[in-house]
There are 2 protein chains.
Amino acid sequence: MKVENYDVKKEVTDKYSLRGRVFHKIREDILSGRYKVKEELREVAIGEEMGVSRTPVREAFRQLELEGLIRIVPNKGAYVTGITVKDVRDIYMIRSLLEGLCAKWATEHISREQMEEMEENIFLSEFHASKGHTEQMAELDNRFHEIMYEACNSKMLEHALKDYHQYVLRVRKKTLSTQTRSTASNAEHRKIMEAIKSGDGELAEQLANRHMINAYENMVENGYMEHYEE
Amino acid sequence: MKVENYDVKKEVTDKYSLRGRVFHKIREDILSGRYKVKEELREVAIGEEMGVSRTPVREAFRQLELEGLIRIVPNKGAYVTGITVKDVRDIYMIRSLLEGLCAKWATEHISREQMEEMEENIFLSEFHASKGHTEQMAELDNRFHEIMYEACNSKMLEHALKDYHQYVLRVRKKTLSTQTRSTASNAEHRKIMEAIKSGDGELAEQLANRHMINAYENMVENGYMEHYEE
DNA sequence: CCCCGCATAATTGTATACAATTATACGGGG
DNA sequence: CCCCGTATAATTGTATACAATTATGCGGGG
């Protein structure tokens, strides 16, 4: 039998099975903060809430554990994981390197459509920034990075970066609501885009690199790290 | 209720539940090559072989999917994933950056015991290399990297690197069996160790960086990439 | 001969029942 | 009053039953 679309690391896209729906719902609830850190998730409770049995809930748990959102203790239960201040720092350092690599590869492989979407993204970002539309700005910021992840032409790198991106998303909206940072962020996005467009991979790498460091330092300076533990 | 050992991303260590045993068994069978790439894994067959029902097998599947060893197609089945030539290349490029970062951080955080194990590891590697003990050499090579992962003092980075390491392990033994490469590899390990010991993080980073590139180029030159698809 | 449609078999998805383990409550001894 | 053991309840782990989906094989029409 033949299987197409052979991703090495496949994300959970099965939104239409019960397990898939449970997975995405719990994930949403964790990221949105409905479930607090270290809160215990009970299979029956979640199953009843969604009108399903424990079976799909348990399977969703197994996946959420490997996604890093919960931790399962055998014979005990499933607990929402916390991200420590150090974890966030480490992630940004790792991302700094990988986003740089991604920008370099994107320079070599970006398609016409992707380039257009990126330019459009920056145009819209600057527009919404001038209007103070924080919601759209956060959305566009996420999308900018995702375009780059997709453009780098590497399933492995794309998956890794989306993973980390998702991870720190719990606090990202707060960070971007700072007017000054979002303006600076937009300017950095524009420079990265221009470097990619001009075909200067080395420059794109350096800029993307620096972009992450700046974002991290801004978080620290503004005390956003206090949202995390330890 | 309190939960200790709060890893953000937890690996599957539950070896004593049925599901845990199934997980590790299937993983072994995939890595050892018993199951071929694209082979379909049937829940009942594996369950019968291990004398368990489908339930623990299914849960093990969900975890193996996110580990990237199998791919589950909804309502169809579970298939052993292949790694393409490009995937391997991408992983080595990513690892090059991350191993560098890891070496730099290890320089700052390595403990006395870890340093001793690392020196011992290199001593033993050189010994077994001179005797041509390929099995032990592969084991020690893996362990060298794991010591560094543990020494970097970052759960996030350690997890990511172990992940990638695991990933390319399917073909690693073959690579190391080349006498010349293993000698070169040992020399590189020694230099990395010495840089860490002397506290030169920048140098350790560069060496670890280069070490990965060399390992990759050696694979290509010796045609080991042909074990992969595409 | 090939292609299509339908019946049947095989396989996965989910629900439920029961077993094993762990948490909780209560009561007696110190 | 506290500590501890035991009984009970709650929760997770596994097996099984059934539903839904997909693969397979066969016969008829072209």
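Modeller: Domain bounds come from an automatic or database domain assignment. This is a predicted model, in which local features need pLDDT of at least 70 and side-chain atom pairs count only at pLDDT 80 or more, while totals for chains, interfaces and linings use all residues. Residues are numbered from 1 along each chain as its sequence is written, and chains are lettered from A and ligands numbered from 1 in the order in which they are written.

Colleague: What distance separates the centres of domain 1 and domain 2 of chain A?

Modeller: Chain A is divided into domain 1 (18-80) and domain 2 (85-227). Taken over C-alpha atoms, the centres of these domains of chain A are separated by 29 Å.

Colleague: Which element gives the most to the surface near DNA strand C?

Modeller: A residue is near a strand if its C-beta atom, placed from the backbone, lies within 6 Å of it. DNA strand C is surrounded by 18 residues, A:Ser17 and A:Asn75 being among the closest. Helices (H or I, at least four residues) and strands (E, at least two) are DSSP runs, numbered from the N terminus. With three residues, the element that gives the most to this surface near DNA strand C is α3(A).

Colleague: Which strands of the chain B sheet stand at the edges?

Modeller: Two strands pair if DSSP finds at least two bridges between them. The open sheet of chain B has three strands in the order β1-β3-β2, with antiparallel pairing. One side of each edge strand is left without a neighbour in the sheet, because each has a single partner strand; these are β1 (40-41) and β2 (70-73) of chain B.

Colleague: Which residue is the bridge partner of B:Arg71?

Modeller: β2(B) and β3(B) pair in the antiparallel sense over four bridges. In β3(B), the partner of B:Arg71 is B:Tyr79.
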